[in-house]
Each structure stands twice: as C-alpha cells, then as structure tokens.
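Hi everyone, thanks for coming. I'd like to walk you through one model today, so please have the viewer open.

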Amino acid sequence: MKTPQVDAMPGMTPLGLKPAKKAVMHPSITAERVTAAVEESMCGLDNPGFCIACGEDAEGVEPDARKYECECCGKRAVYGAEELLFYVTA
Ligand SMILES: [Zn+2]
C-alpha cells in the first residue's frame with residue numbers, strides 16, 4: 001500500500017508557478033462583451049454564452065452553464081454569459 005504524497009512544505013512554491021491557475025480565456029472575450037450579452041439576455045429570451053477556447057458566441061446556453069460543447073470548435077469550453085462574468089471581472 002502506497003500512501004499518497006502530501007506536500008510537507010506548504011511555504012514552498014516552485015518557481016514560475018502561479019498560486020492559482022486561471023482558466024485560459026480567448027482574447028476576444030472581454031468584460032465589455034460578456035456584460036453586453038448578460039444585459040441583452042435580461043431583456044430578451046436569449047441565453048447567450050461564449051466559447052472560451054475559440055471566442056465564438058453560443059446560443060441557448062443556460063446562464064450558469066459550464067463546459068458545454070462548442071458547435072464551432074468542438075471543445076467543451078462554452079460557458080453561460082452570467083457564469084463568465086465572474087471570470088472576466090474577477
Ligand atoms: Zn469554440
């Protein structure tokens with residue numbers, strides 16, 4: 001039986017590693033774009049979302065959707081606009 005290795009030195013961070021890993025976001029997805037989509041969805045029936053891998057718009061995405069499959073690039077990188085707001089404004 002092997003015991004899982006636990007980091008014995010919590011104070012030590014390997015060089016070049018950031019403490020928190022942030023999702024890789026397509027550069028075309030900006031706070032302005034996501035905010036506009038959220039506002040639009042509030043006055044309409046649309047459920048906008050974005051693919052963070054290729055930057056495509058997606059439709060019919062639940063506001064809190066995560067990792068839906070993108071119709072454009074096929075990656076599971078479609079997030080609901082409201083969900084993405086947390087990422088782009090954080
Ligand atoms: Zn995509």
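Predicted model: local features only at pLDDT ≥ 70, side-chain atom pairs only at ≥ 80, totals over all residues.

**Around the sheet**

Residues are numbered from 1 along each chain as its sequence is written. Strands and helices here are DSSP runs numbered from the N terminus: E, at least two residues, for strands, and H or I, at least four, for helices.

Four strands form an open sheet in the order 2-1-4-3, with antiparallel pairing; two strands pair if DSSP finds at least two bridges between them. Strand 2 and strand 3 are the edge strands, each pairing on one side only. Strand 1 and strand 4 are joined in the antiparallel sense over 3 bridges, and C51 has V78 of strand 4 as its bridge partner.

How enclosed is strand 4 by the rest of the structure? Largely, because 4 of its 5 residues are buried. Buried means that 20 or more other C-beta atoms lie within 10 Å of a residue's own; 12 or fewer is exposed, anything in between is partly exposed, and C-beta atoms are placed from the backbone.

On to helix 2, residues 81–89, where A81, E82 and L84 are buried. These three sit on the same side of helix 2, because they cover an arc of only 150° around the axis, taking the directions from the helix axis to the C-beta atoms. The buried residues of helix 2 pack against helix 1 (31–43), strand 1 (49–51) and strand 4 (76–80); contact means backbone-placed C-beta atoms within 7 Å.

Which residues touch the most other members of the largest nonpolar core? Of its 14 residues, they are V34, F50, C51, I52, A58, V78 and L84. A core here is a set of buried Ala, Val, Leu, Ile, Met, Phe, Trp, Tyr and Cys residues joined through C-beta atoms within 7 Å. Strand 4 gives this core its largest share, 3 residues.

Last stop, K67, in the loop between strand 2 (57–58) and strand 3 (68–69). K67 counts as exposed because it has 11 C-beta neighbours inside 10 Å. Its phi is near 55°, a positive value in a residue other than glycine. Thanks, and over to you!

Notes. Contact = placed C-beta atoms within 7 Å.
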